[in-house]
Amino acid sequence: MSSFIQSIQKIIDRDLVVLEKEIALYPSDQLVWATTGAIKNSAGNLSVHLCGNLRHYIGTVLGHSGYTRNRDNEFAAHSMPRIELLNEIGKAKNSVALALGSLQQNVLSMPYPEQVFKAPMTTEYFLIHLTAHLGYHLGQINYHRRMIQNPSV
(Lines give C-alpha, C1' and ligand atoms only; values in the text may rest on other atoms or scores of the structure.)
Protein backbone atom coordinates (compact mmCIF):
# COMPACT_ATOMS: atom_id res chain seq x y z
CA MET A 1 0.00 0.00 0.00
CA SER A 2 1.34 3.42 -0.94
CA SER A 3 2.08 6.02 1.71
CA PHE A 4 -0.64 8.22 0.15
CA ILE A 5 -3.30 5.52 0.56
CA GLN A 6 -2.08 4.81 4.11
CA SER A 7 -2.31 8.52 4.93
CA ILE A 8 -5.84 8.84 3.53
CA GLN A 9 -6.90 5.72 5.43
CA LYS A 10 -5.42 7.02 8.70
CA ILE A 11 -7.11 10.42 8.33
CA ILE A 12 -10.50 8.93 7.48
CA ASP A 13 -10.26 6.42 10.32
CA ARG A 14 -9.19 9.18 12.74
CA ASP A 15 -12.12 11.37 11.72
CA LEU A 16 -14.62 8.52 11.95
CA VAL A 17 -13.40 7.84 15.51
CA VAL A 18 -13.98 11.53 16.26
CA LEU A 19 -17.44 11.23 14.68
CA GLU A 20 -18.22 8.33 17.02
CA LYS A 21 -17.14 10.45 19.98
CA GLU A 22 -19.22 13.42 18.83
CA ILE A 23 -22.37 11.30 18.49
CA ALA A 24 -21.74 9.69 21.88
CA LEU A 25 -21.43 13.15 23.51
CA TYR A 26 -25.02 14.11 22.68
CA PRO A 27 -27.08 13.89 25.88
CA SER A 28 -29.97 12.15 24.09
CA ASP A 29 -30.93 10.42 20.86
CA GLN A 30 -33.49 13.15 20.25
CA LEU A 31 -30.91 15.96 20.25
CA VAL A 32 -28.83 14.18 17.59
CA TRP A 33 -31.76 14.80 15.22
CA ALA A 34 -32.63 18.32 16.42
CA THR A 35 -32.55 21.30 14.08
CA THR A 36 -32.97 24.96 14.81
CA GLY A 37 -33.55 28.10 12.79
CA ALA A 38 -31.77 27.96 9.45
CA ILE A 39 -29.88 24.79 10.48
CA LYS A 40 -31.81 22.08 8.60
CA ASN A 41 -29.27 19.25 8.69
CA SER A 42 -29.06 17.48 12.03
CA ALA A 43 -25.99 15.65 13.25
CA GLY A 44 -27.89 12.43 12.63
CA ASN A 45 -28.50 13.29 8.98
CA LEU A 46 -24.91 14.40 8.46
CA SER A 47 -23.63 11.19 10.07
CA VAL A 48 -25.83 8.96 7.91
CA HIS A 49 -24.77 11.01 4.88
CA LEU A 50 -21.06 10.63 5.66
CA CYS A 51 -21.40 6.89 6.17
CA GLY A 52 -23.36 6.45 2.94
CA ASN A 53 -20.89 8.62 1.06
CA LEU A 54 -17.82 6.68 2.22
CA ARG A 55 -19.43 3.27 1.91
CA HIS A 56 -20.48 4.05 -1.66
CA TYR A 57 -17.56 6.00 -3.10
CA ILE A 58 -14.79 4.05 -1.39
CA GLY A 59 -16.40 0.78 -0.31
CA THR A 60 -18.49 0.02 -3.38
CA VAL A 61 -16.84 1.90 -6.24
CA LEU A 62 -13.23 1.17 -5.26
CA GLY A 63 -13.65 -1.91 -3.06
CA HIS A 64 -16.59 -3.62 -4.78
CA SER A 65 -18.35 -4.19 -1.44
CA GLY A 66 -21.83 -4.38 -2.95
CA TYR A 67 -23.25 -1.69 -0.66
CA THR A 68 -26.18 0.18 -2.25
CA ARG A 69 -26.54 3.79 -1.25
CA ASN A 70 -29.87 5.52 -0.63
CA ARG A 71 -28.79 9.17 -0.64
CA ASP A 72 -32.33 10.53 -0.31
CA ASN A 73 -32.79 8.58 2.94
CA GLU A 74 -29.60 10.12 4.33
CA PHE A 75 -31.42 13.42 4.66
CA ALA A 76 -34.92 12.03 5.25
CA ALA A 77 -34.09 9.92 8.33
CA HIS A 78 -35.08 11.56 11.62
CA SER A 79 -35.06 9.15 14.51
CA MET A 80 -32.34 6.49 14.37
CA PRO A 81 -31.02 5.77 17.89
CA ARG A 82 -27.40 6.72 18.54
CA ILE A 83 -26.43 3.07 18.90
CA GLU A 84 -27.56 2.48 15.31
CA LEU A 85 -25.67 5.57 14.12
CA LEU A 86 -22.54 4.26 15.84
CA ASN A 87 -23.10 0.91 14.13
CA GLU A 88 -23.31 2.69 10.75
CA ILE A 89 -20.08 4.54 11.49
CA GLY A 90 -18.43 1.20 12.31
CA LYS A 91 -19.63 -0.22 8.99
CA ALA A 92 -18.18 2.79 7.17
CA LYS A 93 -14.84 2.36 8.97
CA ASN A 94 -14.70 -1.31 7.98
CA SER A 95 -15.71 -0.62 4.40
CA VAL A 96 -13.04 2.06 3.98
CA ALA A 97 -10.36 -0.11 5.60
CA LEU A 98 -11.14 -3.08 3.37
CA ALA A 99 -11.29 -1.05 0.17
CA LEU A 100 -8.21 1.06 0.78
CA GLY A 101 -6.31 -1.91 2.19
CA SER A 102 -6.54 -3.65 -1.16
CA LEU A 103 -6.27 -0.59 -3.43
CA GLN A 104 -3.28 -0.70 -5.75
CA GLN A 105 -1.13 2.42 -6.08
CA ASN A 106 -1.51 2.56 -9.87
CA VAL A 107 -5.26 3.19 -9.42
CA LEU A 108 -4.52 6.60 -7.91
CA SER A 109 -3.48 8.15 -11.22
CA MET A 110 -6.36 6.55 -13.11
CA PRO A 111 -9.72 8.28 -13.64
CA TYR A 112 -12.12 7.68 -10.75
CA PRO A 113 -14.48 4.96 -12.05
CA GLU A 114 -17.70 6.96 -11.52
CA GLN A 115 -18.34 10.48 -12.78
CA VAL A 116 -19.30 12.51 -9.74
CA PHE A 117 -18.61 16.06 -10.82
CA LYS A 118 -18.96 17.60 -14.27
CA ALA A 119 -15.41 16.69 -15.27
CA PRO A 120 -13.35 13.53 -14.88
CA MET A 121 -10.86 13.37 -12.02
CA THR A 122 -8.21 10.99 -10.79
CA THR A 123 -8.91 8.57 -7.99
CA GLU A 124 -6.22 10.33 -5.94
CA TYR A 125 -8.00 13.68 -6.34
CA PHE A 126 -11.35 12.19 -5.35
CA LEU A 127 -9.90 10.50 -2.26
CA ILE A 128 -8.57 13.90 -1.18
CA HIS A 129 -12.03 15.37 -1.81
CA LEU A 130 -13.74 12.63 0.24
CA THR A 131 -11.34 13.20 3.13
CA ALA A 132 -11.98 16.95 3.08
CA HIS A 133 -15.75 16.35 2.81
CA LEU A 134 -15.63 14.19 5.94
CA GLY A 135 -13.70 16.85 7.85
CA TYR A 136 -16.09 19.60 6.73
CA HIS A 137 -19.20 17.79 7.96
CA LEU A 138 -17.43 16.62 11.12
CA GLY A 139 -16.85 20.28 12.00
CA GLN A 140 -20.53 21.00 11.36
CA ILE A 141 -21.52 18.15 13.69
CA ASN A 142 -19.24 19.44 16.45
CA TYR A 143 -20.70 22.92 16.10
CA HIS A 144 -24.26 21.51 15.99
CA ARG A 145 -23.73 19.52 19.19
CA ARG A 146 -22.41 22.52 21.09
CA MET A 147 -25.17 24.78 19.74
CA ILE A 148 -27.97 22.32 20.55
CA GLN A 149 -26.62 21.67 24.05
CA ASN A 150 -26.19 25.40 24.81
CA PRO A 151 -28.76 27.29 22.71
CA SER A 152 -28.21 30.54 24.63
CA VAL A 153 -24.50 30.76 23.76
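## Helix α6 and its partner α3

Two residues are said here to be in contact when they have heavy atoms within 4.5 Å of each other. In this predicted model, that rule picks out the residues through which helix α3 meets helix α6: Ala43, Leu46, Ser47, His49, Leu50, Asn53, Leu54, Tyr57 and Ile58 belong to α3, while Phe126, Leu127, Leu130, His133, Leu134, His137, Leu138, Gln140, Ile141 and His144 belong to α6. Sorted by class, the contact of α3 with α6 has 12 nonpolar and 7 polar residues, with no charged residues.

Two packed helices are described by the angle between their axes and the distance between the axes. For α3, which covers residues 43–60, and α6, the angle is about 165 degrees and the axes lie 10 Å apart. Because angles over 145 degrees count as roughly antiparallel, α3 is roughly antiparallel to α6. The crossing of these two helices, α3 and α6, is left-handed.

His133 is part of helix α6, which spans residues 123–149. Is His133 buried or exposed? Its relative accessibility is 15%, and since buried means under 20%, His133 counts as buried.

## Helix α1 against α6

Helix α1, made up of residues 3–25, also packs with α6, at an angle of about 15 degrees and with the axes 10 Å apart. Angles under 35 degrees count as roughly parallel, so α1 is roughly parallel to α6. In passing α6, helix α1 makes a left-handed crossing.

Among the residues that make this contact are Phe4, Ile8, Ile11 and Asp15 of α1, together with Glu124, Leu127, Leu134 and Arg145 of α6. By class, the contact of α1 with α6 has 13 nonpolar, 4 polar and 4 charged residues.

## A loop residue: His64

Away from these helix contacts, one further residue can be described. His64 has its place in the loop between α3 and α4, the latter covering residues 71–76. The phi angle of His64 is near 55 degrees, which is a positive value in a residue other than glycine. With exposed meaning over 50% relative accessible area, His64 counts as exposed because its relative accessibility is 68%.

Terms used. Residues are numbered from 1 along each chain as its sequence is written. This is a predicted model: local features need pLDDT of at least 70, side-chain atom pairs count only at pLDDT 80 or more; totals for chains, interfaces and linings use all residues. Side-chain values use heavy atoms; hydrogens and water are left out. Helices (H or I, at least four residues) and strands (E, at least two) are DSSP runs, numbered from the N terminus. Buried means under 20% relative accessible area, exposed over 50%, partly exposed in between (1.4 Å probe, protein chains only). Axes are lines fitted to C-alpha atoms, for helices over the stretch in contact, and angles run from 0 to 180 degrees between N-to-C directions. Angles under 35 degrees count as roughly parallel, over 145 as roughly antiparallel, 65 to 115 as roughly perpendicular and the rest as oblique. A crossing is left-handed if the near helix is turned anticlockwise from the far one by less than a right angle, and right-handed if clockwise. Ala, Val, Leu, Ile, Met, Phe, Trp, Tyr, Cys and Pro count as nonpolar, Asp, Glu, Lys and Arg as charged, and the others, Gly among them, as polar.
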